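Trainee: I am new to this model and would like a close look at one part of it, the aromatic rings. Could you take me through them and then show me what surrounds them?

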Amino acid sequence: MESASELVPFPLLMTPIESNYRSCTIPYRFPSDNPKKATPTEIAWIDLFLSSIPSFKKRAESDTTVPDAPARAEKFAQRYSEILEDLKKDPENHGGPPDCILLCRLREQVLRELGFRDIFKKVKDEENAKAISLFPDVVKLNDSIEDEEKRFENLARGIFAGNIFDLGSAALAEVFSKDGMSFLASCQNLLPRPWVIDDLDTFKLRWVKKSWKKAIIFVDNSGADIILGIMPFARELLRRGTQVVLAANDLPSINDVTYPELLEIVSKLKDEHGKLMGVDTSNLLIANSGNDLPVIDLTSVSQELAYLANDADLVIMEGMGRGIETNLYAQFKCDSLKIAMVKHPEVAQFLGGRLYDCVFKYMEVSSP
């Protein structure tokens with residue numbers, strides 16, 4: 001279902017939202033900065049978006065659903081570059097000053113105006129097919145770990161490893177086009193702990209003692225991320241009696257999984273009895289978040305998601321766009337988990353960590 005209806009604030013945000021919530025984590029400028037002059041941070045981020053243009057152009061050129069794709073891809077590269085250069089000259093151009101949401105939105109607008117709806121569709125489909133074939137092995141490996149804490153840590157490492165499949169990162173897009181990504185190797189090659197934000201030990205203790213009645217998981221990328229990272233984790237929550245709502249994008253953006261794609265993936269992962277490797281899925285719901293970017297402003301989600309979230313007691317923001325660049329500091333009325341890999345040097349620098357470092361941020365809300 002397309003979210004044609006009006007978007008509403010996510011009901012679990014701490015209120016009053018105006019004073020408690022800011023969607024962009026990294027401040028690109030401060031009130032004391034000259035409104036007409038781009039700040040060093042703005043320039044660094046604009047340059048980051050400029051550096052991703054060649055990989056987006058390449059994907060757009062090979063989009064067979066669009067007539068004259070190569071010419072239109074060239075137009076996209078020119079137009080988006082011009083917009084970014086305009087913002088460097090005057091940050092108040094194009095609805096600025098820029099933040100990560102505006103820079104993503106402008107890129108999507110240019111693509112959509114030129115007729116590109118989903119330039120990553122082909123690679124998403126290929127990666128989904130590959131990951132679906134690996135899903136049983138990943139689940140069996142998790143199920144073979146008897147210790148609950150160790151099993152959860154393995155699931156968490158799987159989320160980080162899956163999250164590496166991110167074609168919005170120029171460096172990773174480059175690596176990926178050479179030889180793809182091996183999921184199990186990625187699990188083993190995570191940076192050593194402690195990670196830049198590392199609440200894993202605290203969460204593991206809660207995991208053993210506490211159960212949540214309903215979890216909302218804002219999911220991120222297609223392929224290994226959703227299928228080998230999030231789905232085994234969601235399955236474990238279901239097995240423990242938690243109702244799970246997976247919230248996916250309304251419209252395509254980079255290689256993020258969309259709501260219709262996620263419905264299809266889940267139907268392929270279930271067996272003929274509707275189970276996920278033996279686990280009942282009657283408590284698994286897929287929701288359209290109403291979002292159309294790789295980042296999310298939680299003041300604008302679909303009414304469907306808002307309704308489903310009302311009685312949730314755990315919110316999980318997964319992936320760098322949702323869990324770090326927006327919403328790292330978001331405060332919720334219930335327990336929350338932000339889990340993501342750091343895939344831009346600018347984010348690593350802001351957090352004081354390393355490139356490909358991990359963020360596992362758990363905030364517990366004490367029961368009234």
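How many aromatic pairs does the structure hold?

Mentor: The structure holds 16 aromatic pairs. One of them joins Trp207 and Trp212, a tilted pair with 6.4 Å from centre to centre and 40° between the planes. To count as a pair, rings of Phe, Tyr or Trp (its six-membered ring) need centres within 6.5 Å; planes under 30 degrees apart are called stacked, those over 60 edge-to-face, and the rest tilted.

Before we go on, a word on the model: it is predicted, local features need pLDDT of at least 70, side-chain atom pairs count only at pLDDT 80 or more, while totals for chains, interfaces and linings use all residues. Residues are numbered from 1 along each chain as its sequence is written, and side-chain values use heavy atoms, with hydrogens and water left out.

A salt bridge puts a side-chain nitrogen of Lys or Arg within 4 Å of a carboxyl oxygen of Asp or Glu. There are 35 of them in the structure. One joins Glu261 and Lys124, at 3.0 Å from N to O. Glu261 belongs to helix α11 (residues 259–269) and Lys124 to helix α5 (residues 121–143), so this bridge ties together parts 137 residues apart in sequence. Glu261 is buried at 7%, and Lys124 is buried at 0%.

A second bridge, between Asp47 and Lys88, spans 2.7 Å from N to O. It links helix α2, which holds Asp47, with helix α3, which holds Lys88, across 41 residues. Asp47 is partly exposed at 33%, and Lys88 is partly exposed at 24%.

Finally, let us step back to the whole chain. Its secondary structure comes to 14 helices and nine strands; these are DSSP runs numbered from the N terminus, with helices (H or I) of at least four residues and strands (E) of at least two. Buried residues make up 55% of the 368 residues. Among contacts with a separation of 6 or more, 75% are between residues 24 or more positions apart, where a contact means heavy atoms within 4.5 Å. The C-alpha atoms fill a box of roughly 55 × 45 × 45 Å along the principal axes.

Terms used:
Buried means under 20% relative accessible area, exposed over 50%, partly exposed in between (1.4 Å probe, protein chains only).
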